[in-house]
Amino acid sequence: MEPGAHGRLEGGERGRQHRNEVEVQGWHGLDDVPGDWGRSVVTIGVFDGVHRGHQRMVAHAVAMARRIGVPSVVITFDPHPDEVVRPGTHPPRLTTARHRTELLGALGVDAVCVLPFTLEFSRMTPDEFVQAVLVDRLHAAGVVVGENFRFGHKAAGNVETLRELGEKYDFVAESVPLVSDGEAISSSLVRELLAAGDVAGAADALGRPHRVEGVVVRGHQRGRSLLGYPTANVESPSFTAIPADGVYVGWLECTQSPSPYEGERWPAAISIGTNPTFEGVERTVEAYALDRDDLDLYGVHVVVDFGARLRDTVKFDSIDALIEQMHRDVAQARRFTGGES
C-alpha cells in the first residue's frame with residue numbers, strides 16, 4: 001500500500017471509539033457465573049481480533065437479548081482451541097484475553113465469559129457442552145453463532161446440531177454469516193494481511209487499527225544515544241500477531257496505572273525487524289513517539305496501534321544514511337497523523 005494516497009490517517013479516532021466505556025461483567029470460567037443468573041442470550045466463538053464479522057454476530061445477539069428482555073453473554077476461549085487440539089500450533093494472537101473482553105464489552109454485551117480451553121474440555125460431546133455450559137450455567141434462551149460454527153469432541157457438532165439441541169433444551173439457535181459489506185471476514189484473513197504487512201487492510205477488516213501490546217524493555221539504546229530518535233522497545237506476549245518487518249506509522253499509548261503517562265497517546269513511527277544495519281538478529285517492535293525525547297517508559301505497559309505501512313526494512317550502507325531515512329520516515333508519519341494523537 002502507498003499510504004500517501006490517503007492523506008491523514010484516522011486510525012487514532014477509530015481505535016478510541018472501541019474503548020469500553022461501560023461496565024461489563026467479566027467471568028473466568030463457569031464457576032464465576034453468579035448462582036442466581038437467569039436466562040440469557042449467548043453467543044459463542046474464539047473472537048480473536050473481534051473483527052467486523054464478529055461485531056455483526058455480537059450485534060445480532062445483543063439485539064435478540066433486548067428483544068427478549070434478557071442479558072447477553074459472550075463465551076470466548078483461552079488459550080486458542082487449536083493450541084490444545086493440535087499441540088505445537090500457535091495461531092498468532094490478534095488480541096489478548098483482556099483486550100478481547102474490552103472490545104466485546106464495548107459492543108453492548110452484558111457479560112463476557114472466558115472459558116479455559118483444556119484437553120478435558122475439548123473431549124466433551126456436543127450434548128455435554130450444551131448441557132454443562134449453555135443450559136445448566138447460563139440458562140440460554142437464545143444462542144447465536146457463526147455459520148461455520150463447530151463444537152464438541154472432534155468438532156462433531158455444527159449449526160444444525162445446535163438447533164436440534166435447542167429444541168431438546170428449550171432455546172432458539174441462530175447463525176450469522178461473518179461478513180461485512182458482502183465480504184467474508186475471518187481471523188485467519190487478518191493474520192494473513194498482517195503477515196504481508198498490510199496493516200491498513202487489517203484495520204479495515206477489524207474496524208480499528210491492529211494493536212500490539214507489551215512492556216517497554218531496555219534495548220541497545222541506539223535510538224537515544226546514536227540516532228536521535230529514542231524508541232520504546234515493546235516486548236509483547238508470546239505468539240502475538242506482529243506485522244511483517246517494515247516501518248509503519250501509528251500510535252503509542254501508555255495504559256499502565258499508576259503511571260505519570262497513563263492514558264497519554266502519541267502519534268508514532270514504528271519499526272519492526274532485526275535492525276539489519278547493526279547486524280541484529282533479534283526481531284523487535286520499536287515505537288518512536290513523534291517529537292518526544294523526554295519519555296521514560298521502561299517497565300511500563302504500552303500499546304502500539306498500526307495505521308499504515310511506510311516502507312520495507314532495509315540494511316543501510318552507513319549510519320548517516322539510516323538517519324537521513326529516519327528523518328523522512330518521521331516526516332511522513334507526522335503528515336499522516338497530523339502530528340497529533
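Predicted model: local features only at pLDDT ≥ 70, side-chain atom pairs only at ≥ 80, totals over all residues.

Helices (H or I, at least four residues) and strands (E, at least two) are DSSP runs, numbered from the N terminus.

Residues are numbered from 1 along each chain as its sequence is written, and side-chain values use heavy atoms, with hydrogens and water left out.

Next, show the surface. Its accessible area (Shrake-Rupley method, 1.4 Å probe; for residues, only the protein chains shown count as cover) is about 15800 Å², with 48% belonging to carbon and sulfur atoms. Of the 341 residues, 51% are buried, meaning under 20% relative accessible area (1.4 Å probe, protein chains only).

Now select residues 232–235, which form strand β10, and pick out Asn-233 there. Asn-233 is buried, at a relative accessible area of 13%. Contact means heavy atoms within 4.5 Å; beyond its neighbours within four places in sequence, Asn-233 touches Val-215, Val-216, Val-217, Gly-219, Thr-284, Val-285 and Glu-286. Across the protein, 76% of contacts between residues at least 6 apart in sequence join residues at least 24 apart.

Last stop: the cysteines. Select Cys-113, buried at 0% relative accessibility, then Cys-254, buried at 1%. How many disulfides are there? Counting pairs of cysteine sulfur atoms within 2.5 Å, the answer is zero.

Technical notes. Buried < 20%, exposed > 50% of the residue type's maximum accessible area, 1.4 Å probe, protein only.
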